[in-house]
Amino acid sequence: KNLKKDNMLNFGRENTGLAAKWWRNVDKQILFLFVFLLLLGLFFSFSSTTSVMSEKMNKETYFFFIKHLFFVSISLLLILLISIPEKKKLIKFLFFLFFISILILALVPFFGVEIKGSKRWMDFPILPLFQPVELVKPLFVIFVAKIIVLNEKTNIYKRYLYSFLALLFISIFLIYQPDLGQTFLLTLTWITMIFVSGFNMAILLMLVLIFASAIAFLIFFFPEKFGYIFLRIDTFLNPKVGDNFQSQKALEAIKQGGLTGQGMGEGILKDEVPEAHTDYIIAVISEEFGAIFVLFIVIIFLFIGYKVLNKVFSGNDEFLKLALVGLISLLIIQTFIHIGVNSRLFPTTGMTLPFLSYGGSSLIGSSVIAGIILNFTRKDSTRYFKND
């Protein structure tokens, strides 16, 4: 009994010491901003879903808000669980998880759930309608950083080629779904990582042209599968030729919101556009709370980017620096694509806003990114990987 009691006491001390060490070393400003964004998303979920659910979808008034609250709780737990472990242990686990996520992504064409002509989701008992690409994205960044930086025995151009083949492999599954928005996001993130690593720009441009040509080939020769991409671009360039109801309503909502907004619950976009609380959440926010509040959200994302890049410039571990650049690029690029689509600066992509849009897959993917960033920006992070 005494031995058992001593073991329990030692276990408690170790956990307390680990938590104290984490709190001492974690970047509290970045942590606070991630938590704040999740809570903002919960607030906007309450504002944008309650009336829709009760009036149109024959659900309880707070059905989607309670569901969103559940996923926010899971996300906060994930951020803590990912940000606490030591770097070496976390990286080993992330690589294992990366290959699992690729396997799940590969199974989507066979066992996935098709919604509105796209097969992008897997239906799990615990996590229904989960989108595997949301988990693949941050893990892909870690995988690319590992290939480029840590495989020093391999020729540098071979490393870049391996990372490109990894991108191509994932893109094939995404294009087949089809999901060109996420393919575009991953490609831009990969280009950013390759660019900051010092890659030859001429060769990079050639690879990008090859990738773009391959997508154009698919659109031209398989119009029944990928013709919608051309239609969206054509509708974006000439709104009169196609159905641009959602994007037009989103732009009108932003205009009606003005600088200060119509007031909480006074917006009509959430009642007119299906799933406005996911793909058009920034337009809903702008309509009810105004452009000033949207600018405030953009500043939060940019400040997180600034804080992370400060860590990059002051660090001396090449792997951590490249991984952090990729992760923050993923967040910032997705944020601006979402805002661009809502304001009709870009064609429709179906891209969610990290931390703020409704959806379990999006929240889990965002929390994985946040957890890894918090882990890699800790004060005790720079001593790892040097001798691997």
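How many aromatic pairs does the structure hold? The structure holds 20 of them, where rings of Phe, Tyr and Trp (its six-membered ring) pair if their centres lie within 6.5 Å.

## Basis of the model

This is a predicted model, in which local features need pLDDT of at least 70 and side-chain atom pairs count only at pLDDT 80 or more, while totals for chains, interfaces and linings use all residues. Residues are numbered from 1 along each chain as its sequence is written, and side-chain values use heavy atoms, with hydrogens and water left out.

## Overall make-up

The chain has 16 helices and two strands; these are DSSP runs numbered from the N terminus, with helices (H or I) of at least four residues and strands (E) of at least two. Of its 388 residues, 50% count as buried. Buried means under 20% relative accessible area, exposed over 50%, and partly exposed in between (1.4 Å probe, protein chains only).

The accessible surface of the chain comes to about 19,200 Å², and carbon and sulfur atoms account for 67% of that area. Accessible areas come from the Shrake-Rupley method with a 1.4 Å probe; for residues, only the protein chains shown count as cover. Among contacts with a separation of 6 or more, 72% are between residues 24 or more positions apart, a contact being heavy atoms within 4.5 Å.

## Aromatic rings

A pair of aromatic rings is described by the distance of the centres and the angle of the planes. For Trp22 and Trp23 the ring centres are 6.0 Å apart and the planes stand at 45°, so this pair is tilted. Planes under 30 degrees apart would count as stacked and over 60 as edge-to-face, with the rest tilted. Trp22 is buried, at 9% relative accessible area, whereas Trp23 is partly exposed at 47%.

The ring of Trp23 also has the charged end of Lys28 over it, 4.9 Å from the ring centre. A charge sits over a ring if NZ of Lys or CZ of Arg is within 6 Å of the ring centre and within 35 degrees of the ring normal. Elsewhere, ring pairs join Phe32, Phe36, Phe43, Phe44, Phe289, Phe293 and Phe296 into a cluster.

## Salt bridges

Side chains of opposite charge can pair when their charged atoms come close. A search of the whole structure finds five salt bridges, each defined by a side-chain nitrogen of Lys or Arg within 4 Å of a carboxyl oxygen of Asp or Glu. Asp27, Lys307 and Lys311 are linked in a network of such bridges. Lys307 pairs with Asp27, with the closest N and O atoms 3.9 Å apart. Lys307 lies in helix H14 (residues 291–314) and Asp27 in the loop between helix H1 (2–25) and helix H2 (28–55), so the bridge ties together parts that are 280 residues apart in sequence. Asp27 also meets Lys311, at 3.5 Å from N to O. Because Lys311 is in helix H14 and Asp27 in the loop between H1 and H2, this second pair ties together parts 284 residues apart in sequence. Asp27 is buried at 9% relative accessible area and Lys307 is buried at 17%, while Lys311 is partly exposed at 26%.

A further salt bridge joins Arg120 and Asp179, whose closest N and O atoms are 4.0 Å apart. Arg120 is in strand S2 (residues 118–121) and Asp179 in the loop between H6 and helix H7 (180–196), so that distant parts of the chain, 59 residues apart, are linked. Arg120 is buried at 12%, and Asp179 is buried at 2%.

## Surface and interior

Leu161, Tyr162, Leu165, Leu168 and Ile172 make a nonpolar surface patch of about 430 Å². Patches are made of residues with over 30% relative accessible area and no salt bridge; like charges are joined within 9 Å, and nonpolar side chains (Val, Leu, Ile, Met, Phe, Trp, Tyr) within 5 Å. Ile172 belongs to helix H6 (residues 156–176) and is exposed at 51%.

Ala253, in helix H10 (residues 245–257), is buried at 3%. Not counting residues up to four places away in sequence, Ala253 touches Leu269, Ala283 and Glu287.

Most residues other than glycine have a negative phi. Phe355 has a positive phi, near 75°. Phe355 is placed in the loop between helix H15 (318–342) and helix H16 (360–376) and is buried, at 0% relative accessibility.
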